[in-house]
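Hi,

I'm passing a structure on to you, with the sequence alongside so that you can follow the residue names. Have a look at it first, and then read on for my notes.

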Amino acid sequence: MPAWPFPPRPDAVPLDYLQAVGRVFATFDSRTQDSGNVSYGVEAGGRRWFVKTAGDPRAKAFLDHAARIGLLENAERLAASLAHPALPALHDVLPSVWGPMLVYDWVPGELLGGKPEHRADPASAHQRFRRLPAAELTAAFDVMLDVHVQLEAQNWVACDLYDGALIYDFERRELHLVDLDTYHQGPFVNEMGRMFGSTRFMAPEEFEKGAAIDWRTTVFTLGRHIAVFVSDGTLERAPFRGSDAQHAAVLRACQPAPGDRFPTVADFAATWRAW
């Protein structure tokens with residue numbers, strides 16, 4: 001077995017460290033997202049890795065550096081609670097002068113999210129994914145539902161889940177979920193008002209300060225993903241490329257009132273698959 005290519009160097013700046021142990025072939029910083037995090041694609045030890053950091057402590061972002069570190073620690077807890085083929089494995093957490101560096105598997109494929117003008121491009125991964133045969137889309141969403149059934153069993157509630165967290169490998173026909181740092185362990189109260197996320201996928205309670213956020217919220221978000229990709233973003237029957245039973249399941253999942261939805265992700269998944 002090859003030697004582990006990431007020896008601890010807690011006094012190092014992440015980029016300097018990663019350039020010393022391998023080849024940095026990709027950087028994800030303020031040019032691609034506004035979280036303040038900085039991540040890297042690295043070739044080391046004969047394979048590719050994804051290394052995520054909290055970014056430069058001096059960087060100005062919506063969350064301060066301590067909060068960004070807190071989310072990385074949350075991501076570490078989530079990874080420890082569930083191993084799933086659709087979730088990139090977390091192999092190590094290394095110290096640095098910027099805080100923890102999370103070393104994940106590198107996931108091949110293309111990100112399904114992006115800015116509106118990019119998503120609208122017929123050549124974009126977003127549009128190519130939407131045009132896949134219905135059976136292939138159903139298989140992808142079976143995987144997405146399965147991940148969340150298992151996360152639900154570990155008491156995780158989805159937060160800030162949108163198409164920017166989805167990577168699809170068109171050659172292998174594999175879906176992966178990434179960047180689940182803001183998921184919450186257990187139901188909680190919306191203390192922000194407008195929460196993090198894309199309005200295309202967010203439930204009404206994610207805009208309401210004091211509202212309960214629980215698995216019914218996750219159900220709504222998952223239903224909206226299916227409505228966007230298997231249909232045209234509406235809940236109308238005509239554009240939906242699934243069965244009547246699947247459409248009925250999505251319609252129930254996306255009800256505005258939480259009490260009118262499936263009570264759990266497991267219930268939604270079972271109904272979606274019973275068609």
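The lining of the second largest pocket divides into ten nonpolar, five polar and three charged residues. Please keep in mind that this is a predicted model. In total, 18 residues line this pocket, and its volume is about 360 Å³. If you want to find the place on your screen, look for Thr 182, His 184, Phe 188, Met 192 and Phe 196, the lining residues nearest the pocket's centre.

Which elements give two or more residues to this lining? They are α2 (65-81), β10 (184-185) and β11 (188-189). Helix α2 provides the largest share, with three residues.

The other thing I'd like to show you is a pair of helices. Helix α7 covers residues 244-253 and helix α8 covers residues 265-273; their axes lie 8 Å apart, and the two pack at an angle of about 160°. Angles over 145 degrees count as roughly antiparallel, so that is how α7 and α8 run relative to each other. The crossing of α7 past α8 is left-handed.

Which residues meet where these helices touch? From α7 come Gln 246, Ala 249, Val 250 and Ala 253, and they meet Phe 268, Thr 271 and Trp 272 of α8. Sorted by type, the residues of this contact are five nonpolar and two polar, with no charged ones.

Enjoy exploring it!

Best wishes

Key
Residues are numbered from 1 along each chain as its sequence is written. This is a predicted model: local features need pLDDT of at least 70, side-chain atom pairs count only at pLDDT 80 or more; totals for chains, interfaces and linings use all residues. Side-chain values use heavy atoms; hydrogens and water are left out. Axes are lines fitted to C-alpha atoms, for helices over the stretch in contact, and angles run from 0 to 180 degrees between N-to-C directions. Helices (H or I, at least four residues) and strands (E, at least two) are DSSP runs, numbered from the N terminus. Angles under 35 degrees count as roughly parallel, over 145 as roughly antiparallel, 65 to 115 as roughly perpendicular and the rest as oblique. A crossing is left-handed if the near helix is turned anticlockwise from the far one by less than a right angle, and right-handed if clockwise. Contact means heavy atoms within 4.5 Å. Ala, Val, Leu, Ile, Met, Phe, Trp, Tyr, Cys and Pro count as nonpolar, Asp, Glu, Lys and Arg as charged, and the others, Gly among them, as polar. On a 1 Å grid over the protein atoms alone, a cavity is a set of points where a 1.4 Å probe fits but cannot get out, and a pocket is an open set with protein on both sides within 12 Å along at least five of seven lines; lining residues have an atom within 4 Å of a point. Grid points are joined across faces, edges and corners, and a volume is the space filled by probe spheres set on the points.
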